[in-house]
Amino acid sequence: PDGQMVRDRSFAHWTRLADELPATSFPVVATPQPGARRLAEAALRTERTAQACDTLVRRHGMPESVLLFAAFTALLARFTGNERVVLRMIASNRFHRDLMPMVGCLVQILPVPVDVRRTDPWDGFVRQVQRATGAVYRHGRYDAAQVAELMTTRQFHRGAQLLRMPAYNYL
């Protein structure tokens, strides 16, 4: 019963989100250029970058993954001109201590919407992103087939590309 209540609350969350998602999260080229890359990767590998991340973690008191997610979201918003950015975030779904050592595919991909229209300074924006990722984690235990059907149905009825969005993965 508790598990079903959690799934029901999560499904209600994903239903609201499906109705609120922008028509597209990323500009889609109608006709891709021949040989164009479909995936892009950015990696931060310098000692100065690591030191800067450590400084930001201490200053904001939150995980490096959230700070980098916020930076990536802000860059995408600026690059695309979108006022609302939705990124797919990968969740391990190991929410209980007894699941931590398990090996298996417990991963789910969760869309995280972030409103970038706010004029908050960086500190406020980072807190907003932390709340958005926290909300997604709270609703990360869901029936994947049920949510996939929901998104496909909403996508068809809205005439929108709800399932096409950039992804963020912190390694």
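Student: With which residues is Phe69 in contact, leaving aside its neighbours within four places in sequence?

Tutor: In this predicted model, once neighbours within four places in sequence are set aside, Phe69 touches Leu87, Met89, Val112, Val114, Val129, Thr133 and Tyr168. Met89, one of these partners, lies 20 residues from Phe69 in sequence, and the two C-alpha atoms are 9.1 Å apart.

Student: Where is Phe69 placed, and is Phe69 buried or exposed?

Tutor: Phe69 belongs to helix 3. Its relative accessible area is 1%, so Phe69 counts as buried.

Student: How should I read the packing of helix 3 and helix 4?

Tutor: Two packed helices are described by the angle between their axes and by the distance between those axes. Here, the axes of helix 3 (residues 64–80) and helix 4 (residues 122–138) come within 9 Å and cross at roughly 110 degrees. Helix 3 is therefore roughly perpendicular to helix 4. On the side of helix 3, the contact involves Val66, Leu67, Phe69, Ala70, Ala71, Thr73 and Ala74; helix 4 contributes Trp122, Phe125, Val126, Val129, Gln130 and Thr133. By class, 10 of the contact residues are nonpolar, 3 are polar and none is charged.

Student: Which residues of helix 4 are buried?

Tutor: An α-helix has 3.6 residues a turn, so residues three or four places apart point the same way. The buried residues of helix 4 are Gly124, Phe125, Val126, Gln128, Val129, Ala132, Thr133, Gly134, Ala135 and Val136. In the protein, buried residues make up 32% of the 171 residues.

Student: How does the span of helix 4 agree with its number of residues?

Tutor: At 1.5 Å a residue, its 17 residues should span 24 Å, and the end C-alpha atoms are 24 Å apart, so the two values agree. Helix 2 (residues 47–60) passes a similar check: its 14 residues should span 20 Å, and its end C-alpha atoms are 20 Å apart. After helix 2 comes Gly61, with a positive phi near 65 degrees.

Student: What elements does the protein contain, and in what order do they run?

Tutor: There are 5 helices and 3 strands, and from the N terminus they run α-α-α-β-β-α-α-β. Among contacts between residues at least 6 apart in sequence, 71% join residues at least 24 apart.

Student: Where is confidence lowest, and where is it highest?

Tutor: Where pLDDT is low, the predicted coordinates should not be read in detail. Confidence is lowest in strand 3 (residues 167–168), with a mean of 70, and highest in helix 2, at 88. The protein averages a pLDDT of 77, and 70% of the residues score at least 70.

Key:
Residues are numbered from 1 along each chain as its sequence is written. This is a predicted model: local features need pLDDT of at least 70, side-chain atom pairs count only at pLDDT 80 or more; totals for chains, interfaces and linings use all residues. Side-chain values use heavy atoms; hydrogens and water are left out. Axes are lines fitted to C-alpha atoms, for helices over the stretch in contact, and angles run from 0 to 180 degrees between N-to-C directions. Helices (H or I, at least four residues) and strands (E, at least two) are DSSP runs, numbered from the N terminus. Angles under 35 degrees count as roughly parallel, over 145 as roughly antiparallel, 65 to 115 as roughly perpendicular and the rest as oblique. Contact means heavy atoms within 4.5 Å. Ala, Val, Leu, Ile, Met, Phe, Trp, Tyr, Cys and Pro count as nonpolar, Asp, Glu, Lys and Arg as charged, and the others, Gly among them, as polar. The expected span of a helix is 1.5 Å times one less than its number of residues. pLDDT is the predictor's confidence in each residue, from 0 to 100. Buried means under 20% relative accessible area, exposed over 50%, partly exposed in between (1.4 Å probe, protein chains only).
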